2 protein chains.
Amino acid sequence: MRLSECYVPTMKDVSSDVVVASHKYSLRAGLVRQNASGLYTWLPLGLKVLRTIERIVREEMDSSGFLEILMPSVQPADLWRESLRYDSYGPEMLRMQDRSGREMVFGPTHEEAISDVVRSSLKSYRDLPINLYQIQWKFRDELRPRHGIMRGREFLMKDAYSFDVDFEGVMRSYENVFSAYFRIFRRLGLVPIAAKADSGAIGGSISHEFHVLVPTGESTVYHDKRALDLSKNDYCTTEEIASVYAATEDAHDPQNCGVDPNDLQVSKGIEVAHVFYLGDRYSAPMNVKFHDKNGNSAHALMGCYGIGISRLVAAIIEVFHDDVGIRWPESIAPFKVGIVNLLTTNEDCKTTAETIYAALADSSLYDDSTDSPGVKLARMDLLGMPWQVIIGNSFVKDKVVELKNRANGTTEKCAVDALIARMQA
Amino acid sequence: MRLSECYVPTMKDVSSDVVVASHKYSLRAGLVRQNASGLYTWLPLGLKVLRTIERIVREEMDSSGFLEILMPSVQPADLWRESLRYDSYGPEMLRMQDRSGREMVFGPTHEEAISDVVRSSLKSYRDLPINLYQIQWKFRDELRPRHGIMRGREFLMKDAYSFDVDFEGVMRSYENVFSAYFRIFRRLGLVPIAAKADSGAIGGSISHEFHVLVPTGESTVYHDKRALDLSKNDYCTTEEIASVYAATEDAHDPQNCGVDPNDLQVSKGIEVAHVFYLGDRYSAPMNVKFHDKNGNSAHALMGCYGIGISRLVAAIIEVFHDDVGIRWPESIAPFKVGIVNLLTTNEDCKTTAETIYAALADSSLYDDSTDSPGVKLARMDLLGMPWQVIIGNSFVKDKVVELKNRANGTTEKCAVDALIARMQA
C-alpha cells in the first residue's frame, strides 16, 4: 500500500504520562488514537495487526475442536443475579438501565451468557463435550486505565468455554487449550510462562496465567529458572512445561514450592491469557444440566479460557522495540516490507521504487511522500516493518538497493531482481 | 464439517410471536439464540454467514479506496454534546455512567467518534480525501425489538465516513460507495432499490436508502416500475440507476415525482443500507478543519454510509426460503453441500458418505447422525445448503447418489466421482 493512500497519522510527541514503550509507539506510529480514558480507535495499521493476531488465535482454536460463536456485549443483569455475581462483581462492571428500566451490563466476561445458551439446548451426555469460543470486545471499568491498549477499558478478548460430562473431560479440554496457547504464542514470536494462579472473580479451583516476561510488566511471576527454556523449546510437551514450577504472586507458596532458592527467579510479566477449571461454579446455579448414561440429571462441568487479543498487541511491542520504534516480528507485521525512496527527484530511483512496490504491493508499505530522507528513514524505523528497502545513492552509483533488517539493524546491498524474489518468498 | 462436531441446536417449534420467516428459520436452524429482548448469540452456522457477508463488504469497501478502522462501542457523552445531538437523540441511545460518574453512551452510530479521530490529525487539503470504515456492533434501544435479528437492539453495521475538501469531492465518495453497494448486494444475490430518503436523525441533505423488496418488509418504497429491472442489470451504471425514480415514504412527493401514475409502484422493502451527504453538519460544530490551497481554514465536508450486516442475514433469508426452510445462495451459504446418508447401517453407503465428505470436507456439512431418514432430510432442508448429496437406495441399487438443488428442488442421479468433481469445482 502507498503511504499516501493509507491513514497513518504518526506523532512526534506524546504526553508525559505515557511511560511504557507500547503506549508510546502505538500512538506515535499511528496504530491507535485515544477517544477517551481507556477507549481507543484502532487505525488501519493497528487494526491489521489486531486482525492477524485474531486469525492466528482462530486457526489454533478451530484446529483444537472449538467452534466460534459470538455473544452480545450487553447482557441482562438477571443472568448475573442467577450466578450470584451481580452484587459481588464490583465497580469494574459497567451497569446501565435500558429504556424500559431493565438493568443491563456491558459484559466484562461471558460465563453467564454462554451458560444461558448451552442450557437451552443441552439434553444428553451424548451432546457433550461442547467447546465454544468467541472473539469479542469487553468492557472493564478500570479505576485507572493506563498504558494505552495494555490496560484499556474496552478491550478485545478471545474467551472460550468448555462443557464436559466429568472432571477428566474438562481436563482434556483444559490441556487442549493449554497446548493451543503455546502454539499461538510461539506463532506470535512470544515465549510465555504458564504460572499457577488464583482464580479470583471467575471462581473455580485450577487455573493458570500466561505471562510474557518484560521488565515493564505489572505482574510478578515466581518460577524455576528452567521454565523459560522449556517454553522456548518447540518440542516441549504441555506436561513437561506444567511440571516445572511457576506461580503468580498470589499463588506462590515459598514454603511448599519445592524449588531450591538458588533456582527460583522472580520476573515481571504481562498477563496475556488465563485458563480456569470452573467445575459447577456456573452450571449449578444456572442449571446447565444433562442426562447422564444412567438417565440421571447432572450439571455439566465447565472450563473457561481467555486470551487478551488487544493486550497482545501491546505485549508484542513491549518485547519487540528499540529506542526509535517498533520491530514487528514478520508473522504479525502490518506489512512485511517498507519501501523508502530517498531521491524522489531522480527518475531512475522513482521508477525502481515503483517497480519494487508493484511486485510486492500487498506485502509492502511504500513511502511515496516527498519528505526529506531523514524524515522518511525515521518514520520507517518507527513503523517497524521487518524489512526496509532503501533506494538512494547506492542505486545511482551501483544499481543496487539497500535491504535493512529492522530487527538487528544489519543492511546489505541487493540487485533489484534478487531483492524482489527474496521478499516475495 | 461433521454435524456431530458442529453446534447446531435446531428447534422444532418457535413461540407464536415469531411471525416472519427469517426470525423463525434463524432460530429453528440454529443460526442464533436469543439471550434477551433484541439481544442474540450468533451460533456457528449463523456466524459463518455473518462473516461471509462481512468479507464481501470488506472486499468491496477496500477496493473502493476505503480503509478499515475500529472505533470503541462506548463513547463519552461529551462528544455528543459537541455535535448537539446528546439531548435530541432520544431513548434509542443507551446511556450510562462510568465509575467516575462520567456520562457515556453505547454508540448507536459513530459520526462524533470519527470526527474526533480525524480532527486530531487533519492539517491540510493535501490530507484529503480521507475515507474510513468500520464493521462494528451498535446498540439502539428499540421500543419494540422485533423480528429477531431483523431489528435487534445490538446489531452489526458497516459504517463508512468520507472527509473531502468540497462538495464535488464528497459526491465522488458518495457515488463510489453507491456503486460499491450495488456490487455488494449483487454478490449476496440481492436486488436492492436505491430510494431517495429523508436523512432523519443523522442530518445532512442528500440521502438514499437501499431496500430489498419483500412482502414482509416494514418500509414502503415508491418507485418507477423500471427500477427493479435496472437494479437487476449488472451492467447498469450508478447514473442510470439514480435516474429512475424511487423514494421512501417520507421522501415521496406524488405531485413532483414525475412518474406516470401507471408506472408508479408501491412496494414493501427491508432497509439494508443508507448513504448520506452530511456537509458540515458534524465538521462545523466539532471543528474538523483543514488549511485549503490558499492557506485559509475550512471545515471538511462529510458523507456517511451504512450497511446493516446482521440485518442482511435476515433479509437474505426473507428472500431465499420456502415452507420447509432456508435456501441459501451459494455465495453466502454456511456450507455449499449437505451430505445425508439415509442408510446408516449399510457399510457401503457409510463408506461412500465418508468418501464424499473427505473430498469436500471444508465445503460440506455431513449429517453423520443415526437419526431417521425423515428427520435427516427435513433437517437438511431446514438448514438450506444449496446442494444436498443423498446416499440411499439408489446407491444400493445403481451405485449412484442423488444430488438435490435446494433452490429449485430438482434432483438428479450422479456417479460418486462425477459428483465430487462437480462439487469441488
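Is C6(B) buried or exposed? With a relative accessibility of 11%, C6(B) counts as buried, the cut-offs being under 20% relative accessible area for buried, over 50% for exposed and partly exposed in between, with a 1.4 Å probe and protein chains only.

## About the model

This is a predicted model, in which local features need pLDDT of at least 70, side-chain atom pairs count only at pLDDT 80 or more, and totals for chains, interfaces and linings use all residues. Residues are numbered from 1 along each chain as its sequence is written, chains are lettered from A and ligands numbered from 1 in the order in which they are written, and side-chain values use heavy atoms, leaving out hydrogens and water.

## Cysteines

Another cysteine, C304(B), is buried too, at 4% relative accessibility.

## Aromatic pairs and charges over rings

Rings of Phe, Tyr and Trp (its six-membered ring) pair if their centres lie within 6.5 Å; planes under 30 degrees apart are stacked, over 60 edge-to-face, and the rest tilted. That rule gives 27 aromatic pairs over all chains. One of them joins F66(A) and Y305(A), edge-to-face because the planes meet at 85 degrees, with ring centres 6.1 Å apart. F66(A) belongs to the loop between α2 (44-63) and β3 (67-68) of chain A, and Y305(A) to strand β16 (residues 301-308) of chain A, so the pair ties together parts 239 residues apart in sequence. F66(A) is buried at 1% relative accessibility, and Y305(A) is buried with a relative accessible area of 1%.

In chain B, have a look at Y357(B) and Y366(B): this pair is tilted, 5.4 Å centre to centre with 40 degrees between the planes. Y357(B) is buried at 12%, as is Y366(B) at 3%. Back in chain A, F178(A), Y181(A), F182(A), F185(A) and F210(A) form one aromatic cluster. The charged end of R95(B) sits over the ring of Y86(B), 4.7 Å from its centre (NZ of Lys or CZ of Arg within 6 Å of the ring centre and within 35 degrees of the ring normal).

## Helix α9 of chain A

Helices (H or I, at least four residues) and strands (E, at least two) are DSSP runs, numbered from the N terminus. The buried residues of α9(A) are C349(A), T352(A), A353(A), I356(A), Y357(A) and L360(A). Viewed down the axis, they fall within an arc of 135 degrees (taken from the directions from the helix axis to the C-beta atoms), so they line one face of the helix. The face turned away from the buried side carries the exposed residues E347(A) and A358(A).
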